[in-house]
Amino acid sequence: MCADHVFHILGPLLVTSGGEPIEISGIRRQKLLAALLLQPNQMVSLDRLVDVMWDDKPPASAHGQIRICVSGLRRLLRGGERDSVIETHPSCYRISVHGEDAVDLFTFERLVSQGRAMIRDDQLERAEKLLKAALALWRGPVAAGLDSPALTALVVRLHEDRLTVQEEYFDVALKLGHHQRIIGDLTGFVSENPFRERACAQLMLALYHSGRQADALKTFRAVRARFSEDLGIEPARDLHVLHQSILVGRLSPAGSPPVDPPAYAVPRSDGHRGRRPAGVALLSRTSPNPVTADPLEQLRLENDLLRTERDGLRRILSLWLDLSDVDLGVPAY
């Protein structure tokens, strides 16, 4: 592969060579290339590519048209004398990209890994810069402008990863005391993701430590009303405790948990409105001493638990799909 080829998938599809953009003409070519890049160095079956390009109504000539698109992409992306980034296998294709910065997704994952290592080493300033650089690679939704339900299914995990990294960046900034600097970004993030309780807590802390106690309390009231009206539930108990701590001014300048916080019972009501349905619950209401750590750390641990459950479900679904493909004689991808 030509070392100068760089593929940008974290936003509208873009390919550059030597810093200059390569025009990928035709929406079908773009969809095909995006599908391969979202599964780099993996076999992608013809049937999967048909789904990406035509959903559930492919023409009789679908396989032939895909081969024509692949041939055109090979000419555009040829590296050496006869090298091509796209490999052909029986009923499958694979894009071969191995440079650590050959795909912006690879760069994102590398920067995030380095940033998390800096957090573990308590080098927060370096961690903040690395996570900020990783997030700056995103130019919009993955493969923006390529309308395909099959592609959308492939980008769900990437979207969730970006949101998690954004929250990790806010955590680091708060610990460094950069409260005022991130209020604008946090406000926009919460507006776009109104049910991510960790981010709501981060915004409350940023406002409070910027001398805006009233706005922090107002934020909680808005969050609580949104949860009640849209979901029929209360926010997590940690958010209630954080609200009470802000109300009585018991937070330290660093945003650590209050000392001897006042007892605060989360309002509950009979029937379903007071219940948090499965998949929304964070920590068990009956867990002993549930608020013994930083409220944001509590939310992080709870989100990690939800992600673990989600990953387990994804593995089960993946196994089911693989078994279905074997039964139907479709090559695995």
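**The aromatic pairs**

Guide: In this predicted model, one aromatic cluster is made up of Y169, F170 and F189. Counted by ring-centre distance, there are four aromatic pairs. One of them joins F108 and W138: the ring centres are 5.6 Å apart and the planes stand at 80°, over the 60 degrees required, so this pair is edge-to-face. F108 belongs to helix α4 (residues 104–120), while W138 is in the loop between α5 (124–136) and α6 (149–175), so the contact ties together parts that are 30 residues apart in sequence. Both F108 and W138 are buried.

The rings of F170 and F189 are also edge-to-face, because their planes meet at 75°, with centres 5.7 Å apart. This pair likewise links distant parts of the chain, with F170 in helix α6 and F189 in helix α7 (residues 179–192), 19 residues apart. F170 is buried, as is F189.

W138 has a further neighbour in R162, whose charged end sits over the ring of W138 at 5.5 Å from its centre.

Terms used
Residues numbered from 1 in each chain as written. Predicted model: local features only at pLDDT ≥ 70, side-chain atom pairs only at ≥ 80, totals over all residues. Heavy atoms only, no water. Phe/Tyr/Trp six-rings, centres within 6.5 Å; stacked < 30°, edge-to-face > 60°. Helix = DSSP H or I, 4+ residues; strand = E, 2+ residues; numbered from the N terminus. Buried < 20%, exposed > 50% of the residue type's maximum accessible area, 1.4 Å probe, protein only. Lys NZ or Arg CZ within 6 Å of the ring centre and 35° of its normal.
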